[in-house]
Amino acid sequence: MNNSSLNLRTLFSFPDPAAATAPSNEWQEFQNRLGRENKTIKWPAAMPDLASKIGELFNVELPDLLVSSWKKAGQLQDALEESRKSPDEIIVLNLAEHKITYEYHPYIEIRIAGMPLPKKIEFKVQIVTALKGVNLKIQAGTITEIQAGSCDFEGKIRYQDLTIADTKLGKIKLLGVSTIAKQEASPTK
């Protein structure tokens, strides 16, 4: 796999609602369970397509997850602080080889008038990435770019006691990825 902007939906091979291919057994079991749970809800209109909305929860880019994990690392915090003191200076931090373990809990909350409590559909996402040869470009207290490297990726997504996606991928080549949007200079008047 060679892509500078991979998202969790792609890495976990979540089904595309518009695709003609059949979803995995785990995904079908999840949809069946969700259907049974949602039969207890009295929808004021047609029930929305929850499967596609849930898929959108996983349109999170891998570089975004890595950046949020790195912000907790001591060496990186020191480099970020140093760059705040000299905002014009660019610091390149070599991360060599290291492993990041990350867990988060995306969810959809259903709120309907007259329902005493909202229905929460929550997932547990566990990710482990082993990074090699990655450099971070830092300027003015911000990680501005993730420079080339590679990673091994493995992860699992669970809904309650059901594993709906489980993947282990070999080497993924990371190309240089900017982590901040370039802003166009505003014209002077």
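Modeller: Start with Thr129, which sits in strand β5 (residues 124-132). A strand here is a DSSP run of E of at least two residues, a helix a run of H or I of at least four, and both are numbered from the N terminus. This is a predicted model, in which local features need pLDDT of at least 70, side-chain atom pairs count only at pLDDT 80 or more, and totals for chains, interfaces and linings use all residues. Residues are numbered from 1 along each chain as its sequence is written, and side-chain values use heavy atoms, with hydrogens and water left out.

Biologist: Is Thr129 buried or exposed?

Modeller: Buried means under 20% relative accessible area, exposed over 50%, and partly exposed in between, using a 1.4 Å probe and protein chains only. Thr129 has 1% relative accessibility, so it counts as buried.

Biologist: Which residues does Thr129 touch, apart from those up to four places away in sequence?

Modeller: A contact means heavy atoms within 4.5 Å. With that exclusion, Thr129 touches Leu62, Leu66, His98, Lys99, Ile100, Asp152 and Phe153.

Biologist: What does Ile108 contact, leaving aside its neighbours within four places in sequence?

Modeller: Ile108 belongs to strand β3 (residues 107-110) and is buried because its relative accessibility is 14%. Its contacts, on those terms, are Lys53, Ile54, Leu57, Lys119, Lys120 and Ile121. Lys53 is 55 residues from Ile108 along the chain, with 8.2 Å between the C-alpha atoms.

Biologist: How many aromatic pairs does the structure hold?

Modeller: A pair of aromatic rings is described by the distance of the centres and the angle of the planes. Rings of Phe, Tyr and Trp (its six-membered ring) pair if their centres lie within 6.5 Å; planes under 30 degrees apart are stacked, over 60 edge-to-face, and the rest tilted. The structure holds 7 such pairs. One of them joins Phe12 and Phe153, whose centres are 5.7 Å apart and whose planes are at 70°, so the pair is edge-to-face. Phe12 lies in the loop between α1 (8-11) and α2 (25-38) and Phe153 in strand β8 (residues 149-159), so the pair ties together parts 141 residues apart in sequence. Phe12 counts as buried because its relative accessibility is 6%, and Phe153 because its value is 1%.

Biologist: How are the rings of Phe58 and Phe123 arranged?

Modeller: Their centres are 5.6 Å apart and their planes at 80°, so this pair is edge-to-face. Both Phe58 and Phe123 are buried. Together with Trp27, Phe30 and Tyr159, Phe58 and Phe123 form one aromatic cluster.
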